[in-house]
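Trainee: I would like to go through the aromatic residues of this model. Please start with the terms.

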Amino acid sequence: MSSIRQIVIFLGAPGSGKGTLSRMCVDRLGWKQLSTGDLCRQHVQEGTDIGKEIDFTIKSGKLVRDSLIIEMVAQWLFTQVSGVDQTVILDGFPRTVVQAESFMKMINDSFSHVVVKVYQLVVKDSEIINRLSSRIVCSNKECQAIYSERGLNQDVIHIKKCNICHYDLIKRNDDAVDKIHTRLDNYHYHIGALLKYYQTIGIAIIDIDGNASTENVFEEVLSSERMIQ
Ligand code: AMP
């Protein structure tokens with residue numbers, strides 16, 4: 001029998017470090033990551049019907065329609081979560097109040113006694129723009145590891161291969177400057193209402209300084225986890 005003990009939502013602008021933090025939690029804590037961005041890109045690469053429908057939307061930096069994202073999440077939750085007492089990370093979902101409402105209903109209807117926590121990675125827009133414009137990612141749809149052309153990982157950048165699976169590193173279409181601005185605008189458009197929604201249903205938002213090093217960000221999450229177990 002499988003069950004979810006805890007849902008941890010990583011909230012934050014694109015490029016705020018949600019993906020990197022999620023991977024650290026997967027590797028070090030054994031949590032399970034659901035990244036809707038990764039799922040969308042997998043559909044596109046595999047050329048599924050969903051992939052064909054969302055390809056242009058993703059490339060233009062806009063949001064995929066709520067009903068499709070919710071369907072993808074439901075499918076993932078009911079097929080991919082195995083084992084007992086799992087902690088599941090939501091990376092890049094929910095992004096709108098409609099998504100959050102549907103998700104909370106899905107959880108309440110299908111799982112009992114699940115704790116939901118929301119961590120918000122706070123990073124200035126200027127830093128987000130710098131990060132996204134220098135981001136390169138692994139082209140392997142099963143991996144999609146994240147690297148930066150800025151300073152870090154120089155050995156990897158030199159050969160432009162992923163040091164996990166050795167696939168080529170590429171720039172994402174939606175990391176072009178104009179698309180970055182569209183994505184940031186979308187984020188700012190929805191975030192206020194989303195925060196208000198969590199407040200309304202009694203879920204506190206735990207702010208994390210996303211400007212800190214990846215290790216420090218991870219440590220901050222870990223110490224909050226210890227405090228609120
Ligand atoms: P990400 O990798 O999280 O930056 O997501 C990449 C793209 O996938 C987004 O710009 C959207 O086009 C799409 N996407 C991912 N998650 C969602 C979501 N929760 N709602 C709508 N669109 C999404």
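Mentor: Rings of Phe, Tyr and Trp (its six-membered ring) pair if their centres lie within 6.5 Å; planes under 30 degrees apart count as stacked, over 60 as edge-to-face and the rest as tilted. This is a predicted model, where local features need pLDDT of at least 70 and side-chain atom pairs count only at pLDDT 80 or more, while totals for chains, interfaces and linings use all residues. Residues are numbered from 1 along each chain as its sequence is written, and side-chain values use heavy atoms, without hydrogens and water.

Trainee: How many aromatic pairs are found in the whole structure?
Mentor: The search covers the whole structure. The number of aromatic pairs is 4.

Trainee: What kind of pair do Phe93 and Phe103 form?
Mentor: Their ring centres are 5.6 Å apart. The planes meet at 85°, so the pair is edge-to-face.

Trainee: Is Phe103 buried or exposed?
Mentor: Buried means under 20% relative accessible area, exposed over 50%, partly exposed in between (1.4 Å probe, protein chains only). The relative accessibility of Phe103 is 1%. Phe103 therefore counts as buried.

Trainee: Which residues is Phe103 in contact with, leaving aside neighbours within four places in sequence?
Mentor: Contact means heavy atoms within 4.5 Å. With those neighbours set aside, the partners of Phe103 are Ile7, Val73, Leu77, Leu90 and Phe93.

Trainee: Which ring does the charged end of Arg28 sit over?
Mentor: The criterion is NZ of Lys or CZ of Arg within 6 Å of the ring centre and within 35 degrees of the ring normal. The charged end of Arg28 is 5.0 Å from the centre of the ring of Phe218.
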